[in-house]
Amino acid sequence: MTNFPEYQGPEKIVIRRYSDFVWLRDRLFEKYKGIFIPPIPEKSAVEKFRFSAEFIEMRRQALDVFVNRIASHHELRQSEDLRTFLQAEEETMERLRSHETGIFKKPSDLMQIFKDVQSKVSDVVLGKEKPVEESDAEYEKLKRYIFELENHLAEAQKHAYRLVKRHRELGQSLSDFGKAVKLLGASEGNALGKAFSELGMKSEILSVKLQKEAQELLMSFEEPLKDYVRAVQSIKATIAERANAFRRQCELAETMKLKEINLDKLMLIRSDKVAEAEREYHELKAESEQATKTFETIVKLMNEEIGRFQEQKTLDMGIAFHEFAKGQARLANGIADAWRSLLPKLEACSSSQ
């Protein structure tokens, strides 16, 4: 649904496939060098999970975050590709996808580039490879920070998922325990049987609470952490683009020096190839100047982007951890209240013996 004020016409609802989001991400990555393109969630590699209600909802929310981040970015929101994505008919999107000539042909391509980037930049950071690279201490510090951030986020996300799993397992165990204790209570006809039945009912109620809290934990805590792991991978892709732009600039500068030396030699011997050499030199000079401009633009945009990323990360992580603490406190209080309410009846049974 499109309702941005700069988009003329009435509100419009369109249907989009996952591949349409991939198309938009790839187009933006190609056109906006230096800007951190928001990530999209990956497709499930396990077939049985691809159509589960939970997976579909998680992916829907993540794709919604992706579009909202683009729409809130002062540069990306002006993109014609975003306008097409938000307003075009399904047939138009299908045609655009089928004629896509960019570097990404399928969703796995960008993930492979991320892996290649990680390998190459890791080699540089660890000193295994010495390509032509910037000698900028602050930029080296930024790259190290990005790699460390990815590792820390991935570790936190892994343990967050373990918490989700633990909540679910405990919820299932309480449900099973509740059923067993209720059956035990049914076999007793006295106060003890009644106490057992109530214990079983409380266990089942707590089971529902735990399952609900596990889902909340998944969506409001584990998923945001996973999203930021993907965001860091997008930053690493931009780091690779900056490295390529710097390398290209250096290569053209070196080639220009050689062309200039060759041109001077041809002029000294008054060769008939001077005119052609001059043309090649001026073409190369224009290409070199453009490469320098591209690199400088990427540097400028990255400096702006990293500040914006840090601000947004602080906000989003603050919300995620606050929701986590609030949920755990709510769950702990609910469990304590439920067990506490049973104590008088269980104490009465134990003291009557």
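Predicted model: local features only at pLDDT ≥ 70, side-chain atom pairs only at ≥ 80, totals over all residues.

Trainee: Which residue lies over the face of Y139, and at what distance from the ring centre?

Mentor: A charge counts as sitting over a ring when NZ of Lys or CZ of Arg is within 6 Å of the ring centre and within 35 degrees of the ring normal. For Y139 the residue is R242, at 3.5 Å.

Trainee: Back to F85: is its pair with F21 stacked or edge-to-face?

Mentor: There are 6 aromatic pairs in the structure. In the one between F21 and F85, the centres are 5.0 Å apart and the planes make 70°. Planes over 60 degrees apart count as edge-to-face, so this pair is edge-to-face.

Trainee: How many residues apart in sequence are the parts that F21 and F85 tie together?

Mentor: F21 sits in helix α1 (residues 18-31), while F85 belongs to helix α4 (residues 80-87). The pair therefore ties together parts whose separation in sequence is 64 residues.

Trainee: Are F21 and F85 buried or exposed?

Mentor: Buried means under 20% relative accessible area. Both of these residues come out as buried.

Trainee: And which helices does the pair of F246 and F295 tie together?

Mentor: Their ring centres are 5.2 Å apart with planes at 55°, so this pair is tilted. F246 is buried, and F295 is buried too. The parts tied together are 49 residues apart in sequence: F246 is in helix α8 (residues 191-268) and F295 in helix α9 (residues 274-352).

Notes:
Residues numbered from 1 in each chain as written. Heavy atoms only, no water. Phe/Tyr/Trp six-rings, centres within 6.5 Å; stacked < 30°, edge-to-face > 60°. Helix = DSSP H or I, 4+ residues; strand = E, 2+ residues; numbered from the N terminus. Buried < 20%, exposed > 50% of the residue type's maximum accessible area, 1.4 Å probe, protein only.
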